[in-house]
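Hello! Here are a few notes to read beside the model on your screen. Take them one point at a time, and find each residue as you go.

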Amino acid sequence: MKLPVLAPLALLASTALATCHGDYTDALWNKDQARADAKTACNKMKGNFGSRKTKSYCTGNKDKKGYDFSVTHLKDGDRDLGYDECYDGLQKEIGGCERGGDTYYKNWEYGVWAVKAGSCV
């Protein structure tokens, strides 16, 4: 298993720290499918986040590989996450790394992982 590598992403703000995932096979990673699944994930995860709250959504099932998406509010207090802000953050993870990753911004952490069939609980 390869360890994640820190990767500078030119499109990210200077306050962002990105980690790319490198331990999944190419057969599990399909950027077009990940983008389509991110739309569903953002519809499920948008809304109010309390202090340091994490929401996640996994698109795979026992017969289908998929993607595990997560968003964490990194600050104290409540904050709303809209669909567009959610999708923009997840898109950066899908497009910025070959096999997904996670990035910390000022208020949010976004993550995308490829998962094998049966991995979503």
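How many aromatic pairs does the structure hold? This is a predicted model, so please read every point below as a description of a prediction.

1. **Aromatic pairs.** The structure holds 4 aromatic pairs. One of them joins Tyr 67 and Phe 69, whose rings are tilted, with 6.5 Å from centre to centre and 45° between the planes. Both Tyr 67 and Phe 69 are buried. Another pair, Tyr 105 with Tyr 110, is edge-to-face: the centres are 5.9 Å apart and the planes make an angle of 75°.

2. **Why the two tyrosines count as buried.** A residue is called buried when its relative accessible area is under 20%. Tyr 105 has 15% relative accessibility, so Tyr 105 counts as buried. Tyr 110 has 4%, so Tyr 110 counts as buried too.

3. **A charge over a ring.** Now look for Lys 55. Its charged end sits over the ring of Phe 49, 4.5 Å from the ring centre.

4. **The overall layout.** The chain has 2 helices and 8 strands. Of the chain's 121 residues, 40% count as buried. Take the contacts between residues at least 6 apart in sequence: 65% of them join residues at least 24 apart.

5. **The largest nonpolar core.** This core has 20 residues, and Phe 69, Val 71 and Leu 90 touch the most other members. At least two core residues come from each of helix H1 (31–45), strand E5 (66–73), helix H2 (83–96) and strand E8 (108–115). H1 gives the largest share, 5 residues.

6. **The length of helix H2.**

7. **The buried side of helix H2.** Which residues of H2 are buried? They are Cys 86, Tyr 87, Gly 89, Leu 90, Glu 93 and Ile 94. Because these residues cover an arc of only 165° around the axis, they lie on the same side of H2. The buried residues of H2 pack against H1, E5, strand E6 (79–81), strand E7 (101–104) and E8.

Definitions and conventions
Residues are numbered from 1 along each chain as its sequence is written. This is a predicted model: local features need pLDDT of at least 70, side-chain atom pairs count only at pLDDT 80 or more; totals for chains, interfaces and linings use all residues. Side-chain values use heavy atoms; hydrogens and water are left out. Rings of Phe, Tyr and Trp (its six-membered ring) pair if their centres lie within 6.5 Å; planes under 30 degrees apart count as stacked, over 60 as edge-to-face and the rest as tilted. Buried means under 20% relative accessible area, exposed over 50%, partly exposed in between (1.4 Å probe, protein chains only). A charge sits over a ring if NZ of Lys or CZ of Arg is within 6 Å of the ring centre and within 35 degrees of the ring normal. A nonpolar core is a set of buried Ala, Val, Leu, Ile, Met, Phe, Trp, Tyr and Cys residues joined through side-chain atoms within 4.5 Å. Helices (H or I, at least four residues) and strands (E, at least two) are DSSP runs, numbered from the N terminus. The arc is that of the directions from the helix axis to the C-beta atoms. Contact means heavy atoms within 4.5 Å.
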